Amino acid sequence: MQNLSADEISHPLGAGVSTQLKDIEKMLPLRVLSEEDWQHWITKGYVIVKAAVPREKCERLAALLWEFDEKDPNDPGTWYAPERRAHVRAELNNAGMVEIYNHQYLWDNRQEQRVYDAFVDIWDREDLWVAFDRANLNVPKQDKSGKRDGFIHWDVNTALEPKPIGVQGVLSILPQDEETGGFQCVPYLFEHFEEWVKSQPADRNPLLPDMAGLTRENISMEPGDLMIFNSLLAHGVRPNLSEGRVRMAQYISMYPADQDNTAEREERIRLWREMEPPNRPDFPGDPRGWEKANNGGPAELNDLGRKLLGLDRW
């Protein structure tokens, strides 16, 4: 399996942003987050936006993910097919990643006003692009006797100085609770990183923290809830230990638009128009070409969606 550097797998970061998100002095009024939400965000590294997307949009996306992944929700015998294409990070194999990126339903959730407004609150700016990302369909583990915790990691290089600045997001499509697995994180490590890192060896893994003495926090969410988390928050997906229930999510994040970067803007438009996955090692894509065969062309974008993609300027 290919070994990747921390920089190669990094999620999109805030180009030209120099202030850590926890240190922002707000200039714009909060649109979605409460003051309590904001304090939790800057202290613990994550926030949950309730009902960011209507439930009916979650229900139709859930049906689509079953269809795309060639699984029958009423027949668990169809749930355990092998990966169509291996991930370069072995820990992502059989973690439920669904290689769908460009369907109309995904874009409809990305261009939902409440979702955008939440990211405006986080970044304290309106000129944002949405990241190209996929979904997750996490079925119950067949063998429940092994490790009950998921792997904890970062998706950015935490050895860099200054530290990377970025956010990630998870939209819950089905109920996510203690049984079905889902998002887990280590808020203590976010809050006390500078103190913790002094106790670590100089050659520590900048993607995988030593979890000795640290406690995971498991997050429960309802369909339509959006969790936004700072990319410096160590996190992971805990296993699904339920009987016959699945966890579904769509990954949604936004970052400051680099509007004068013509190459990046044109590549983003190409991915949308040609219904391609991002050209990054962490995204193996779908070898069947299902989206090109079934989407009926690029997703339709509203005025907000056109700006979030980069078709129109802010």
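Predicted model: local features only at pLDDT ≥ 70, side-chain atom pairs only at ≥ 80, totals over all residues.

Me: Which residues are buried in helix α2?
Reply: Helix α2 covers residues 35-44, and Trp38, Trp41 and Ile42 are buried there. Seen down the axis of α2, these buried residues fall within an arc of 85°, so they line one face of the helix.

Me: What covers the buried residues of α2?
Reply: The cover includes β1 (46-49), α5 (113-123), β5 (167-172), α6 (187-191) and β8 (226-230).

Me: And what comes just after α2?
Reply: Gly45, which takes a positive phi of about 90°.

Me: New topic. How many aromatic pairs are there?
Reply: The count comes to 10 aromatic pairs. One of them is Phe68 with Trp290, an edge-to-face pair at 5.1 Å centre to centre, with 75° between the planes.

Me: Where in the chain are Phe68 and Trp290?
Reply: In distant parts: Phe68 is in helix α3 (residues 55-68) and Trp290 in helix α9 (residues 290-294), 222 residues apart.

Me: Are Phe68 and Trp290 buried or exposed?
Reply: Both Phe68 and Trp290 are buried. The charged end of Arg288 also sits over the ring of Phe68, 4.7 Å from its centre.

Me: Which residues form an aromatic cluster?
Reply: Trp154, Phe193 and Trp196 form one. Within it, Phe193 and Trp196 make a tilted pair, 5.8 Å centre to centre with 45° between the planes.

Me: How many residues apart are Phe193 and Trp196 in helix α7?
Reply: Three, so about one helical turn separates Phe193 from Trp196.

Definitions and conventions: Residues numbered from 1 in each chain as written. Heavy atoms only, no water. Buried < 20%, exposed > 50% of the residue type's maximum accessible area, 1.4 Å probe, protein only. Helix = DSSP H or I, 4+ residues; strand = E, 2+ residues; numbered from the N terminus. Arc of directions from axis to C-beta. Contact = heavy atoms within 4.5 Å. Phe/Tyr/Trp six-rings, centres within 6.5 Å; stacked < 30°, edge-to-face > 60°. Lys NZ or Arg CZ within 6 Å of the ring centre and 35° of its normal.
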